[in-house]
Amino acid sequence: MEETLFWKLLQEIVEMGDFVVAVSSNSASANIVGRMKIGDNGGEKVLEKEKCHCHIHLYPEKISSFSFTYRDVGYGAEPCCEFLTTEQQVALRLYYHGRDAEKKFKEFVDKNRDNIGVLKGSW
């Protein structure tokens with residue numbers, strides 16, 4: 001995905017509210033919980049938790065789309081935004097922890113009609 005578009009869309013996504021940012025592999029997982037923002041680490045943009053420098057480095061050129069779906073990790077179906085790689089693998093998950101997910105998603109899509117090609121699914 002084009003870098004400017006990636007960071008613009010991610011900024012709008014994190015403005016929806018609190019998230020659990022989940023990164024996992026077959027042998028480990030990590031979560032960052034709370035309100036997120038776009039931060040800076042040595043001149044590189046990162047996704048980080050507000051009031052903390054806990055962050056994740058992202059590589060927009062390796063991300064093809066944002067997929068909005070629901071995932072059940074043991075507490076019932078939760079709204080989730082998955083970052084899909086160019087190989088259609090999940091690179092990162094943002095579990096939304098707020099109210100009115102459907103309304104916030106609709107507002108997000110309405111603002112980004114020109115970029116609908118990189119947005120999949122719905123809440």
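**Notes on the aromatic pairs and overall fold**

1. Ten aromatic pairs turn up in this protein chain, and please keep in mind that the model is predicted. One of them joins Phe6 and Trp7, whose ring centres lie 5.0 Å apart with 85 degrees between the planes, making the pair edge-to-face. Both partners are hidden from solvent: Phe6 counts as buried at 0% relative accessibility, and Trp7 is buried too, at 6%.

2. A second pair to look at is Phe68 with Phe108. Their ring centres are 5.6 Å apart and the planes meet at 50 degrees, so this pair is tilted. Phe68 sits in strand β5 (residues 63-72) and Phe108 in helix α2 (residues 101-111), so the pair links parts 40 residues apart in sequence. Both of these residues are buried.

3. Where do Phe68 and Phe108 belong among the aromatics? They are members of one aromatic cluster, together with Phe19, Tyr96, Phe105 and Trp123.

4. Stepping back to the fold, you will find two helices and eight strands, arranged along the sequence as α-β-β-β-β-β-β-β-α-β. The radius of gyration is 14 Å, close to the 14 Å that the globule rule gives for 123 residues, so the chain is as compact as a globular protein of that length.

5. Buried residues account for 42% of the 123 in the chain. Of the contacts between residues at least 6 apart in sequence, 47% join residues at least 24 apart.

Terms used:
Residues numbered from 1 in each chain as written. Predicted model: local features only at pLDDT ≥ 70, side-chain atom pairs only at ≥ 80, totals over all residues. Heavy atoms only, no water. Helix = DSSP H or I, 4+ residues; strand = E, 2+ residues; numbered from the N terminus. Rg over C-alpha atoms; globule rule 2.2 N^0.38 Å. Buried < 20%, exposed > 50% of the residue type's maximum accessible area, 1.4 Å probe, protein only. Contact = heavy atoms within 4.5 Å. Phe/Tyr/Trp six-rings, centres within 6.5 Å; stacked < 30°, edge-to-face > 60°.
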